[in-house]
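Welcome, and please load the model in your viewer.

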Amino acid sequence: MNYKEKLIVALDYDNLESAKKTIDELKDEVEIFKVGLELFLNSYGKAVDYIHSLEKKVFLDLKFHDIPNTTFAASKFAIEKDVFMFNIHASVGSETMKKVAELTKNKSQLAIAVTVLTSLTDSNLNEMFSTTKTTKEIVSQLADLAYKSGLNGIVCSPLEAKSVKEKYGKNFKTICPGVRPKWAAKNDQKRVMTPYEAIKNNCDYIVVGRPITKSDNPKEAAKLVLDEIKQAII
Ligand SMILES: O=c1ccn([C@@H]2O[C@H](COP(=O)(O)O)[C@@H](O)[C@H]2O)c(=O)[nH]1
């Protein structure tokens, strides 16, 4: 895999024009763009078509979380849109994950499961579920369920990627937000690593948004992140 394909730039914008400006600025460096709820809703889905019109790949990050019938229908939409990758929450359970996995069988699209959001800590899990389990333990449990359900990989923080890859092998992908170069603010991200550390820790893809998109010079910021990726895979 070309090192540039390991970077996914998160386009969290509230209008299509701003997103287009960034996409145009980054298109010589970046191969995969992430469209999440904010941009998908504000652009009425058109951001996906724009990225595709430039022959770039889309990670549709809408994190479907519903009963089997509804999650299945939403996943069909993602497949029909021909996105490179889309996601559902692992906490939909194995029945739904199996149905979605069946949909993508023999197709090029990757269906992945969100485990524990990178903005959450052990104490957040404790206050939500009265559990003493760590984020790492819950990620491992949900990764196991996603793997056994036949999905193509998971979203986790870079901190958990290594143990997941060691257990499930190269075909089960780790997609990791919570990536912060040393020069960037952490914002609301809690479980973070630098791009270099994340790639070394077996993230197949790193997702980086604000350090690039909110930078005074997004292209230079993307190049700095790509340099770290390159250094890590040499
Ligand atoms: O656990 C998760 C799942 C998804 N995300 C998304 O990734 C990007 C990260 O953006 P930054 O600006 O680099 O923080 C964002 O779109 C999230 O919705 C995540 O951060 N953590």
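Helices (H or I, at least four residues) and strands (E, at least two) are DSSP runs, numbered from the N terminus. Residue numbers start from 1 along each chain as its sequence is written. You are looking at a predicted model, in which local features need pLDDT of at least 70 and side-chain atom pairs count only at pLDDT 80 or more, while totals for chains, interfaces and linings use all residues.

**Colour by confidence**

Start by colouring on pLDDT, the predictor's confidence in each residue, from 0 to 100. The protein chain averages 98, and 100% of the residues score at least 70. For the complex, the predictor gives an ipTM of 0.99 and a pTM of 0.98.

**Select residues 6-225**

UniProt, in an unreviewed entry, places the feature "domain: Orotidine 5'-phosphate decarboxylase" here. UniProt positions are given in the numbering used here, feature names are shortened, and annotations may be inferred rather than shown by experiment. The span is 46% helix and 17% strand, and its end C-alpha atoms lie 10 Å apart.

**Select Glu55**

Glu55 sits in the loop between helix 3 (46-53) and strand 3 (57-64). Its phi is near 60°, a positive value in a residue other than glycine. Is Glu55 buried or exposed? For these words, count the other C-beta atoms, placed from the backbone, within 10 Å of a residue's own: 20 or more is buried, 12 or fewer is exposed, and anything in between is partly exposed. Glu55 has 8 such neighbours inside 10 Å, so it counts as exposed.

Asp61 belongs to strand 3 and counts as buried, with 26 C-beta neighbours inside 10 Å. Contacts on this tour mean that the C-beta atoms of two residues, placed from the backbone, lie within 7 Å. Leaving aside neighbours within four places in sequence, Asp61 is in contact with Lys34, Val35, Gly36 and Asn87.

Move on to Asp66, in the loop between strand 3 and helix 4. Asp66 counts as partly exposed, with 14 C-beta neighbours inside 10 Å. Not counting residues up to four places away in sequence, Asp66 touches Thr71 and Val92.

**Select the ligand**

Which residues are closest to the ligand? They are Ala10, Thr118, Pro177, Gly209 and Arg210, out of 16 residues that surround it. A residue is near a molecule here if its C-beta atom, placed from the backbone, lies within 6 Å of it. By class, the shell holds seven nonpolar, six polar and three charged residues. Nonpolar covers Ala, Val, Leu, Ile, Met, Phe, Trp, Tyr, Cys and Pro; charged covers Asp, Glu, Lys and Arg; the others, Gly among them, are polar.

**Select helix 5, residues 94-104**

Show the side chains of Thr96, Met97, Val100 and Thr104, which are buried. Look down the axis of helix 5: the buried residues fall within an arc of 100°, so they line one face of the helix. That arc is taken over the directions from the helix axis to the C-beta atoms. An α-helix has 3.6 residues a turn, so residues three or four places apart point the same way. The cover over the buried residues of helix 5 includes helix 4 (68-80), strand 4 (85-89), strand 5 (110-114) and helix 7 (135-149).

Now step to Asn106, in the loop between helix 5 and strand 5. Its phi is also a positive value in a residue other than glycine, near 60°. Asn106 is exposed, with 4 other C-beta atoms within 10 Å.

**Select Ile154**

Ile154 is in strand 6 and counts as buried, with 28 C-beta neighbours inside 10 Å. Residues up to four places away in sequence aside, Ile154 touches several others, including Ala90, Ile112, Ala143, Val164 and Thr174.

**Select helix 8, residues 158-168**

The buried residues of helix 8 are Pro158, Leu159, Glu160, Ala161 and Val164. They pack against helix 7, strand 6 (153-155), strand 7 (173-176) and helix 9 (195-200). Gly169 follows helix 8, with a positive phi near 85°.

**Last stop: Met128**

Met128 is found in helix 6 (residues 122-129) and is exposed, with 9 other C-beta atoms within 10 Å. Draw a distance to Pro218: the two C-alpha atoms are separated by 37 Å, for residues 90 apart along the chain.
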